[in-house]
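Grab a pencil and work through these exercises with the model open beside you. Each one gives a task, then a solution in steps.

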Amino acid sequence: MFYRRAGIRHTRYQDERQLFPLGFDRGLIIVVIAILLAAPFIFDRLYVSGYLLPWLIWTSAALGLNLLMGWSGQIHLGYGAVMGIGAYGSVHLVRLGVPLEIAMIAGGLLSATIGTMFGGAALRMKGIYLAMATLAMQYVVDFVISHSSVISGGSLATLQVPPVRFLGIPLQGDLPTYYLAFGVCFVITLFMLNVRRTSFGRALAALREKDYAAQILGISTFRYKLLAFWVSSFIGGVVGSVLAVTYLRAISPDQFHIELSIQILAMIIVGGLGSVLGPFFGTALILFAPILLNNLLGFTASTLGWSLPIDLRAHLPLMAYGALVIGFLLYEPLGLAKIYANFRNYLLVWPFRHAQR
Amino acid sequence: MSLDRRSFIAGSAALAAPFALPVRVFAQEKIVRFSLPQDFTRIYTFVTSEYNQGQRDYFTLVNDRGGVSGYKIVADITDHANDLPRAIEAYERGKREGAVLIDPLSTPVARALVPRALEDKINMITAYSGRSDAADGSAFPYVLPLSINYWTQAGLIIEQFKKTEKGSLKGKKIVFVHIDTPFGKEPLPILNVLAKKEGYELTAFPYTPPGNDQSAIWPQVRRARPDFVIFWGAGVGQTVALTEAIRNGLPMDRVSGSVWLSESDMDVVGREAAKGVMKVEPCVGGREPKVIKDILAEVVGKGKGAGPENKVGTAYYNYGVQMATLMVEGVRKAAEKAPNGPVTGPWLNEGLRSITNFTAEGLLPPTTITKDDHQGGGMGRIARWDGAKFVPITDWFSANQDVVWEEIRKNSDEFKKTGK
Amino acid sequence: MDWILLAELSANGVFVGLMYALVSLGIVLIYKTSGTANLAQGAIAMTGGYVTWALATLVGLPMWLAIPIALVGMFGFGLLMERIALRRMIGQPVIMTIMLTLGVEIMLRGLLPGIFGAAVKRLDIGLPQQPLFVGELLLNRSTLIGGSISLLLILLSLFFFNSRFGVVMRAVADDQTASWSVGIRVERAIAVAWGLAAVSATAAGVLWGSTQGIDWSLSLLLIKALAIAILGGLDSIPGVLVAGVIVGVAESLATGVLDPLVGGGSRDVVAAVIILVTLLLKPHGLFGRHHIERV
């Protein structure tokens, strides 16, 4: 049902190899993109700048980290710091008068340079040792940012983003900021969809499965590990600057702490490690479950009149966050993307379940 | 494209489902909506529940008495956990539901919301948080601290030390122990300027946030043999600082904190041991003020209290009531100017910025908010812990405002230049 | 240079470090037997503190009774955690277990303050506050006692490894498959390791809770504990002891020497730098076994 395969006959190899061979998938994606493009005109501002905008930004970040963790199998507990480097780099450049387009790329390059040093650790260790090393780097970067007033911005430690233009359009109000975030997310998604069809993507996959086996096959683990960190950090840096310019508008060091790293990690885990669709689902759940729960609790308290003690009520979202992470790891380690895939597979052959390949 | 109608509807329904949130509808009455997203779970846990309880109790009191100038106050409370996406969502939600005032009670959140609040013309209360330079109303028309900022608090403390030393701090040694965050470093410029002016020697000791281990700091403080100690932190850092000060045998009557010190901190430190420590009081503590008595009689006494009764009258509870009285007074003033509204941000802004000599029947120092001064005059007093409660040792006073305003102007000019 | 100050800082650092080491003990126990990194150790310490506080204040038990009950209860909690969550993770990639323990940490940090209230709680186990002077040096009496108790407990755990069950656990640590084949119940050994880790965390939670008060920030002990575990070698208990002292002294001295130079609290970053330097120079730590594979 829906995902109809009947009547699709590929006559050329290119057709067989395209990203979405099924017509319905293509249609669904076009519909989703159309809705997202039209969102500022159909939905209320609350949903655009309160939900869709952070969703797109955080998803972009999660995709970048997923390249590293899902594709190449490295562990990174300091992605928040990488984003922070990009954000600070680009905001400083913008304040110096560099156009935003260049500043974003430069922020990405700065992140990539420093992020590759994180990767340097990966050459020597893996598993929990790598996790600890990146965790430690997160703390070091935090410390450097917040303790050099040149970087963090004077005694108030807040760096205001000046009014900027992107491709000649002033980034003010909801529309331009939303479309910038959308554009960046779109490009990153496109890159992620295609990367696994490149030699780079396949090298990363080989690395993930067994690094010395990859080395024996002639894939330079040295090169590809660093490259994975480079690309992922570059994406992180660009997303960091997008986050600063479109969403935060004033950055301070505490916005890029370990909590952000763990949050993005949780998005990947809940969404599905190594999937492109996963981060979209995972971000939505991790970002909005606490908000929805909060609103729901507020709603029940004000209309039904039963209310929990304030301490318990306030902590429920945090518990839910933890429970979501635990629950997915225990019951669906492949995340929401897998749940969607199950659903899709079910419909694909419905009603002939036994025809499943 | 094989997209039939059914799947399109199903798809869009699935997409729209998360957005179909319940939106509360209220009967058509004159209401003023306040949005109070605060941090109940992360950094500001030590203050939020009491502060918020005070606010809600006062709003209940006002509403039960028939509102203010015919307007009822509706307060939406959510938890933003000091997390920006959640705070911004709460802000946008509040704005959509017609809130004209937001009180996030968190410095990082307030900083991120400043550009939005200025753009959307929504009054943002940044009591004891946010940017200190927001006291300059000409640069931040919609950001209202309505309370003495950290620079003023530091100025008050130094003035009190000066009084203790009979008018001169020349050659004295003052140690400033602070949490190593922007908030902790904030008073430094003022303390440095005053050090030059008054001739005391200032040594600063930063500790790592959140300050649960300061065992290596206080031996150094003791060795510096200070005449006075100022400790500057929040939550667990405060209690640990005091405990360590006691363990290092510092004379407690020469130690002072900012406004962030409460009775429950004293319980953790030990009520007897902490005897003598000073703090800045921005409003009257305890259950003596008439407003608190009214709340006890009319709200808590009737079982409508928003939280445990024993919290009523604690320092942070009273801060909450203090802010709530100022907000309500703003509504009253606004209704005086334009009785029929419409209830918008600018409407309330007019009211808030014309509060004059307001004392909330003896709860606050005389507070006057003007278009230039959002701090409210900069009055506070110093109180001393006597083992059971904080006893004021001075009257309401204001000090070193010239230095403070110089710093405010310096920073707000910077904001004007780069911000907008 | 003020030598007396340095001596004083080092002396206090030793005992603070020992108190950190007690948190770290659990991480090492678990890693030793099952090869999993437990990033929830800080939150478990916090849980232990809260439970003790609840038993003493809400139930009204005297402290000498509340602490043992809390220790026993938390032993059960550790067993339960292993049984419900960690056992399902066998065979999964490392990131999964790391994330799982992080998830547990997040949930505990919400659960306990949610139930018992977020404000700082006072836990008075009768440690004296007055300063103790040894010549010119001032020793912090409560950390002195806390550190000594930690030292005792860690030594006790060393002796435990010489007992019958301790030998079983060492066998499991050495080779799981081989232990299995000679009839050792590997799962049980791992479960007991989790239980003991929770017990040591609780002891640490009580000691830290009595010096700083109990609230969520107890879970921040994790980063120090990790630094100690890494420096000592993730699978060495004597390593914990030595590394604890080193980390404690280094942090304490950094606060005295480094802070004025960088103009900020360098305490946390010291732990991070220790982790980094150890991993880059000597990844298996001071006493750990050489088993890291490199490519």
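**Exercise 1. Is helix α4 of chain A enclosed or open?**

Task: work out how far α4(A) is covered, then check its length.

Solution. Start with burial: 15 of the 17 residues of α4(A) are buried, so the helix is largely enclosed by the rest of the structure. Here a residue is buried if 20 or more other C-beta atoms lie within 10 Å of its own, exposed if 12 or fewer, and partly exposed in between, with C-beta atoms placed from the backbone. Next, the length: α4 (residues 79-95) of chain A reaches 24 Å from its first C-alpha to its last, close to the 24 Å expected at 1.5 Å a residue. That expected span is 1.5 Å times one less than the number of residues. Finally, look past the end of the helix, where A:Gly97 follows with a positive phi near 100°.

Before going on, some ground rules. This is a predicted model, in which local features need pLDDT of at least 70, side-chain atom pairs count only at pLDDT 80 or more, and totals for chains, interfaces and linings use all residues. Residues are numbered from 1 along each chain as its sequence is written, while chains are lettered from A and ligands numbered from 1 in the order in which they are written. Helices (H or I, at least four residues) and strands (E, at least two) are DSSP runs, numbered from the N terminus.

**Exercise 2. Describe chain B, then one of its helices.**

Task: say what chain B is built from and how many residues of α9(B) are buried.

Solution. Count the elements: chain B has 14 helices and 12 strands. Then test its overall form: a compact globule of 420 residues would have a radius of gyration near 22 Å, and chain B has 23 Å, which agrees. The radius is taken over C-alpha atoms, and the globule rule is 2.2 Å times the number of residues to the power 0.38. The C-alpha atoms fill a box of roughly 80 × 55 × 45 Å along the principal axes, and 61% of the 420 residues of chain B count as buried.

Now zoom in on α9(B), residues 236-247. Its 12 residues should span 16 Å, and its end C-alpha atoms are 16 Å apart, which agrees. As for cover, 12 of its 12 residues are buried, including B:Gln238, B:Glu244 and B:Arg247. Just after this helix, B:Gly249 takes a positive phi of about 70°.

B:Asp267 has 16 other C-beta atoms within 10 Å and is partly exposed.

**Exercise 3. Compare the two faces of chain A.**

Task: list what chain A brings to chain B and to chain C.

Solution. Two residues are in contact if their C-beta atoms, placed from the backbone, lie within 7 Å. Take chain B as partner: 45 residues of chain A are in contact with 41 residues of chain B. On the chain A side, α13(A) gives the most, with 9 residues. By class, this side has 24 nonpolar, 14 polar and 7 charged residues. Ala, Val, Leu, Ile, Met, Phe, Trp, Tyr, Cys and Pro count as nonpolar, Asp, Glu, Lys and Arg as charged, and the others, Gly among them, as polar.

With chain C as partner, the contact takes 38 residues from chain A and 40 residues from chain C. The largest share of the chain A side, 13 residues, comes from α14(A). That side divides into 29 nonpolar, 6 polar and 3 charged residues.
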